[in-house]
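Work through the exercises below with the model open. Each task is followed by a solution in steps.

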Amino acid sequence: MTKNIDWGSLSFKYQPTDYRVTASYEDGKWSELELTTDPTVHISECACVLQYAQTVFEGLKAYRTEDGKIVTFRPDLNAQRMIDSAVRLAMPPVPEDMFMKALDMLVKANADWVPPYGSGATLYIRPFIYGSGPMIGVAPAPSFEFRMMCMPVGPYFKEGIKPIVIKVSDFDRAAPHGTGNIKAGLNYAMSLYAGELAHAEGFAENMYLDAGTRTCVEETGGANFIFITKDGKVVTPKSHSDSILPSVTRRSLMVVASDVLGMETETREVKFEEVPEFAECGLCGTAAVISPVGKINDHGREIAFPSGMDEMGPTLKKLYDTLTGIQMGRIEGPEGWIHEIEL
Ligand code: PLP
Ligand code: COI
């Protein structure tokens, strides 16, 4: 039976559900996946994750379709990105078939927590691996844990699909050729102080420029950028220092724009100085979906997009409707994008 929750009033907040999936890595191999009801973890005080932040994670969602099925969106890309992240942090990757099995087990066990179709909420799934074994010299942990948990969530920004105002940060999120292109916990630790400052000043998020030259747009703390030019082209920034996370949402939107909607697309370096020329700006990600940006504050100078502060611009709206239509099964997407959970 679906849980009795006021789905429409959910925000993006942790809530333990009935089950999570776990596995341990010891002596060179992963154990069998297990379902557990225990939402706590018990690790050494000297665990490498606590001392040296050896942890990587993923984020994806499960959706309830109109005909009652439960589906996920391109989970193979999350599995592959977590492999890339784990390798970069000297951790044992979770193979794709193990990731997919954990996903199926987790969502099936928590099916009652998947928000109803049309409720505005979704089930957010958070897989992660961390160095659980003790390490005091700077080296990878001797043992690791993999966990996949989930929770029903509403919009990431309190504004929902209303435009937000962001600021240009004086801090950097990721070093050139560092770890910005993987989903490591340390990248988010790097953004916490800057995020708190932005919030205290009344901004929803930070725009980070490339750390090397501070001339090109990279991304925000938790989403990639997409821009719409005045002649309707979709543009997304490419990093010259490989420090942007390869967002599944952004990669999918670029395909939706070109192959489904027949729009022109460009993935290229975006100079900060050209930002005032764009007609629309949005943040895209699993949590953010597409969150429109109405204004960017650059040290007191305001860049206001012609799409305004009242609603999402027309081109982003078209992309939003098509992407969410595919994710919720209303629109047929490219082959292999939807993975149905067998109940
Ligand atoms: N960029 C950062 C830094 C993120 O944390 C996320 C969230 O996962 C994204 C971009 C968007 O990626 P995706 O669309 O795969 O969720
Ligand atoms: C996601 O969108 O899945 C993320 O991990 C972003 C995070 C800021 C919640």
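**Exercise 1.** Which backbone N or O atom lies 2.8 Å from an oxygen atom of ligand 2?

*Solution.* The model is predicted. Start with the backbone: the atom belongs to Ala287. Next, take the side chains. Lys183 places a polar side-chain atom 2.7 Å from an oxygen atom of ligand 2.

**Exercise 2.** Describe the shell around ligand 2 by class.

*Solution.* List the residues around ligand 2: Phe12, Phe57, Gly59, Tyr124, Arg126, Tyr156, Lys183, Gly222, Thr286 and Ala287. Then sort them. The shell has 5 nonpolar, 3 polar and 2 charged residues.

**Exercise 3.** Which polar atoms of the protein approach the oxygen atoms of ligand 1?

*Solution.* Begin with Tyr188, where a polar side-chain atom lies 2.4 Å from an oxygen atom of ligand 1. Go on to Lys183: an N or O atom of its side chain is 2.7 Å from a ligand 1 oxygen. Finish with the backbone of Val248, which has a polar atom 2.8 Å from an oxygen of ligand 1. Of the 380 Å² of accessible area that ligand 1 has on its own, the protein covers 96%.

Now widen the view. There are 17 residues around ligand 1, and Tyr188, Glu219, Ser247, Thr249 and Thr286 come nearest. By class, the shell holds 5 nonpolar, 8 polar and 4 charged residues. Both α5 (248-260) and β14 (280-285) supply at least two residues of this shell.

**Exercise 4.** Where do ligand 1 and ligand 2 sit?

*Solution.* Ligand 1 takes up space in the largest pocket. Ligand 2 sits in the largest pocket. The volume of this pocket is about 1,000 Å³. Its lining has 46 residues, with Tyr156, Tyr188, Glu205, Gly221 and Gly222 nearest the centre. The largest share of the lining, 8 residues, comes from α4. By class, the lining divides into 22 nonpolar, 14 polar and 10 charged residues.

**Exercise 5.** Which element gives the most to the lining of the second largest pocket?

*Solution.* Consider the elements that each supply at least two lining residues: β5 (60-64), β15 (289-298) and α6 (314-327). With 4 residues, α6 gives the most. The second largest pocket holds about 440 Å³ of space. Of its 29 lining residues, Gly120, Thr122, Val289, Tyr320 and Met328 lie nearest the centre. The lining has 16 nonpolar, 9 polar and 4 charged residues.

Conventions: Residues are numbered from 1 along each chain as its sequence is written. Chains are lettered from A and ligands numbered from 1 in the order in which they are written. This is a predicted model: local features need pLDDT of at least 70, side-chain atom pairs count only at pLDDT 80 or more; totals for chains, interfaces and linings use all residues. Side-chain values use heavy atoms; hydrogens and water are left out. A residue is near a molecule or strand if one of its heavy atoms lies within 4 Å of it. A polar contact is a pair of N or O atoms within 3.5 Å; within protein, one must be able to donate a hydrogen and the other to accept it, and residues adjacent in sequence count only if both atoms are side-chain atoms. Accessible areas come from the Shrake-Rupley method with a 1.4 Å probe; for residues, only the protein chains shown count as cover. On a 1 Å grid over the protein atoms alone, a cavity is a set of points where a 1.4 Å probe fits but cannot get out, and a pocket is an open set with protein on both sides within 12 Å along at least five of seven lines; lining residues have an atom within 4 Å of a point. A molecule sits in a cavity or pocket if more than half of its atoms lie within 2 Å of its grid points. Ala, Val, Leu, Ile, Met, Phe, Trp, Tyr, Cys and Pro count as nonpolar, Asp, Glu, Lys and Arg as charged, and the others, Gly among them, as polar. Grid points are joined across faces, edges and corners, and a volume is the space filled by probe spheres set on the points.
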